[in-house]
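The sequence and the model are shown first.

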Amino acid sequence: MNFPILSAIIFIPLIGALFILITRGSQKNIEKNCKYVAIFTSLTNFFLSLFLWYLFDNTISDFQFIEKKNWINGVINFQLGIDGISILFILLTTFIVPICIFSGISSIKFKIKEFFIAILVLETLMLGVFCSLDLVIFYLFFEGGLIPMFLIIGIWGGPKRVYSAFKFFLFTLLGSVLMLIAIISIYWITGTTDVIKLLDIRIVQEYQYLLWLAFFSSFAVKLPMWPFHTWLPDAHVEAPTTGSVILAAILLKMAGYGFIRFSIGLFPVASDFFTPLIFSLSIIAILYTSLVALMQDDMKKLIAYSSVAHMGFVTIGIFTLTKQGLEGSIIQMISHGLISAALFLCVGVLYDRYHSRMISSYGGLVNIMPKYAFVFMIFTLAALGLPGTSGFVGEFLVLVGAFQSNILVAVLASLGVILAAAYMLWLYRRVVFGRLASSEIKELKDLNKVEIYIFSSLVFLTLFFGIYPEPLFNTIDISINNLIDKYQTDIKYHLAQKNN
C-alpha cells in the first residue's frame with residue numbers, strides 16, 4: 001500500500017496530544033473536550049491497528065509495510081516496518097491505552113489536560129519502539145518513553161512519587177547509556193544502523209560479546225531482571241493506576257521485544273554463550289520475587305513482584321532458542337499485558353473507593369461487591385496460569401521449551417507456578433473472603449458501567465486466547481521460524497570460521 005499506515009499509527013496519538021494542547025475555553029469545557037479527544041484518538045488508533053492486522057500477510061517472514069525516509073545525511077534513516085512479532089505488541093499497546101484513558105477519567109482529579117497529553121505522547125513513543133527498523137530511531141523511541149512516564153509518576157503519583165520517579169528514570173537511563181555506545185560501535189564496525197541490513201551482516205564474534213552485554217544492560221533493567229528490579233515495586237506503588245497499567249502491560253514488554261529482535265537477531269553467538277547467565281538470573285527472579293510477593297501487605301507491591309517473576313518466564317523462553325520457548329515467551333508477554341493491567345485496575349477500583357492498598361484493610365468483599373469479586377477471581381486464576389486462560393498457554397510453552405533446552409531450569413521454573421498459586425490465592429482469600437475488616441467497607445459500591453465494560457473486554461481476551469490461541473500462533477509462527485533458522489545458520493557459520 002502507498003498509505004503510510006505505520007507512521008499514521010505512531011503519530012495519530014501525537015496529533016491528538018497537540019489538539020489537547022491547543023484546547024481553550026473554561027476549565028470545565030477544556031476537561032470535557034480533552035476527554036473526548038483522548039478517547040477518540042486512542043480508539044481510532046486501536047481500530048487502525050486492527051486494520052493493520054487484517055492487512056498483514058502471515059505467510060511471509062519479511063518485514064512488511066516498510067517506510068524509509070532519509071533523516072540525517074544518509075547516515076540514519078527514519079525506517080519503519082513490522083513482522084509477526086512486532087504487530088502483536090502494537091495491538092497490545094493500542095488496546096491498553098484506551099483502557100488507561102477511560103480509567104484515568106474517573107481517577108485523575110487535577111491537571112487532566114496535561115495527563116492526557118502525557119498518555120498520548122507515551123503511546124506514540126511506545127508504538128515507535130515496535131515499528132523501528134533503525135537502531136538510532138529505536139533508541140530514541142525507547143528512551144523517549146522515560147519522559148512522559150517520569151511525569152506520570154512524579155505528578156499524579158502517591159506520597160513518595162518524586163523519589164520513585166527519579167529512581168525509575170535514573171535506573172532505566174543509566175542502563176541505556178551502554179546501549180547507545182553499542183549502537184555507535186555497530187555503526188563504526190558495519191557502517192550502518194539499518195536493522196534489515198544488520199540482520200544479514202554477521203558481526204565479528206569477538207565484538208558480539210561486548211555488544212550483547214551493552215544491550216543487556218538496558219533490557220535487563222527495563223524488563224526488569226533480578227537484581228536490576230528494585231525500581232519496579234517503588235514505581236508501581238507510587239504511580240497512579242493508569243501509570244501502573246502502562247508500566248506493567250507495555251513498558252516492560254519493550255525490553256522483552258528488544259531481547260528477541262536485537263540480542264538474538266544481531267548477536268547469536270553471544271546469546272548462545274550468555275544463555276546460562278540468563279537462565280540463572282531468571283530462576284532467581286522467579287523463586288526469589290515469588291517468595292517476596294508472599295510477604296507483601298500492599299496489593300500493588302505484591303502484583304509488582306509477581307510481574308518480575310512472570311518476566312523471568314519470558315527470558316527463559318526467549319533464550320531456550322526453541323520454537324516453543326520463543327512462541328511461549330511472546331504469548332506470555334501479551335497475556336501478562338492483559339492480566340497485569342486488569343490486576344492493577346482491580347487494585348485501583350478499591351483504592352478509588354477506600355483509599356487504601358493494604359490487604360489488611362479489606363475482607364469479605366464478595367458480600368458487598370460480587371461483580372468485583374468475580375472479575376478479580378478470573379484474573380487471579382489467570383495470573384497463576386489456570387488452564388483455559390491465556391496465562392496457561394504462555395507458561396506451558398515456555399516450560400516445554402525449557403525442558404528441551406535444560407531440564408534443571410525447567411524443573412526450578414515449575415516451582416514458580418506453585419508459588420504463583422500460593423501468593424495469588426492468598427491475596428484473593430484475604431481480600432474477598434472472610435469477615436469485613438471494618439463497617440465502612442459496607443458502603444463500598446460495586447463496579448459501575450464503565451468499569452464493567454473495561455473489565456469485560458479484558459476478561460474476554462484473557463479467556464478467548466486461553467481457549468483459542470490460534471490467531472496468535474498464526475501471526476508469529478513464520479517470523480519465529482525465520483528467527484530460529486537464521487540463528488542456527490549464524491551459529492554454524494561462526495563455528496566453521498572458528499575451526500578454520
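## Largest pocket

The lining of the largest pocket in this predicted model is made up of eight nonpolar, seven polar and five charged residues. The space inside this pocket comes to about 430 Å³. It has 20 lining residues, and those closest to the pocket centre are S107, W156, P240, Y351 and D352.

Which element gives the most to the lining of the largest pocket? That is helix 14, with four residues.

## Second largest pocket

The second largest pocket has a volume of about 340 Å³. Its lining consists of 15 residues, with S61, F63, L199, N482 and K486 nearest the centre. By class, the lining of this pocket divides into six nonpolar, four polar and five charged residues.

At least two lining residues each come from helix 8 (195–200), helix 11 (241–266) and helix 20 (470–499). Helix 20 provides the largest share of the lining of the second largest pocket, namely four residues.

## Overall fold

How many helices and strands does the protein have? There are 20 helices and two strands. The radius of gyration is 22 Å, close to the 23 Å given by the globule rule for 500 residues, so the protein is as compact as a globular protein of that length.

Of the 500 residues, 61% count as buried. The protein exposes about 19,500 Å² of surface, and carbon and sulfur atoms supply 66% of that area. Among contacts between residues at least 6 apart in sequence, 82% join residues at least 24 apart.

## Q79 in strand 2

Q79 belongs to strand 2, which covers residues 76–82. Is this residue buried or exposed? Q79 has a relative accessible area of 4%, and it counts as buried because the cut-off for that class is under 20%.

With neighbours within four places in sequence left aside, Q79 is in contact with I66, E67 and K68, with C131, S132, L133 and D134, and with D194 and I196.

L213 is part of helix 9, residues 205–222. Its relative accessible area is 35%, which makes L213 partly exposed, since that class lies between 20% and 50%. L213 and A182 are 31 residues apart in sequence, and their C-alpha atoms are 9.1 Å apart in space.

The loop between helix 9 and helix 10 contains P224, and P227 is found in this loop as well. Most peptide bonds are trans. The bond from L223 to P224, however, is cis, with omega near -10°. A cis peptide bond also joins W226 and P227, where omega is about 5°.

Most residues other than glycine have a negative phi. K111 is not a glycine, yet its phi is positive, at about 50°. Where does K111 lie? This lysine is found in the loop between helix 3 and helix 4 (112–131). Its relative accessibility is 48%, so K111 counts as partly exposed.

H355 likewise has a positive phi, of about 55°, although it is not a glycine. This histidine lies in the loop between helix 14 and helix 15 (365–368). At 59% relative accessibility, H355 counts as exposed, because the cut-off for that class is over 50%.

Notes: Residues numbered from 1 in each chain as written. Predicted model: local features only at pLDDT ≥ 70, side-chain atom pairs only at ≥ 80, totals over all residues. Heavy atoms only, no water. 1 Å grid on protein atoms, 1.4 Å probe; cavity = no way out; pocket = protein on both sides within 12 Å on 5 of 7 lines; lining within 4 Å. Points joined across faces, edges and corners; volume = space filled by probe spheres on them. Nonpolar A, V, L, I, M, F, W, Y, C, P; charged D, E, K, R; others polar. Rg over C-alpha atoms; globule rule 2.2 N^0.38 Å. Buried < 20%, exposed > 50% of the residue type's maximum accessible area, 1.4 Å probe, protein only. Contact = heavy atoms within 4.5 Å. Areas by Shrake-Rupley, 256 points an atom, 1.4 Å probe, with all protein chains shown as cover.
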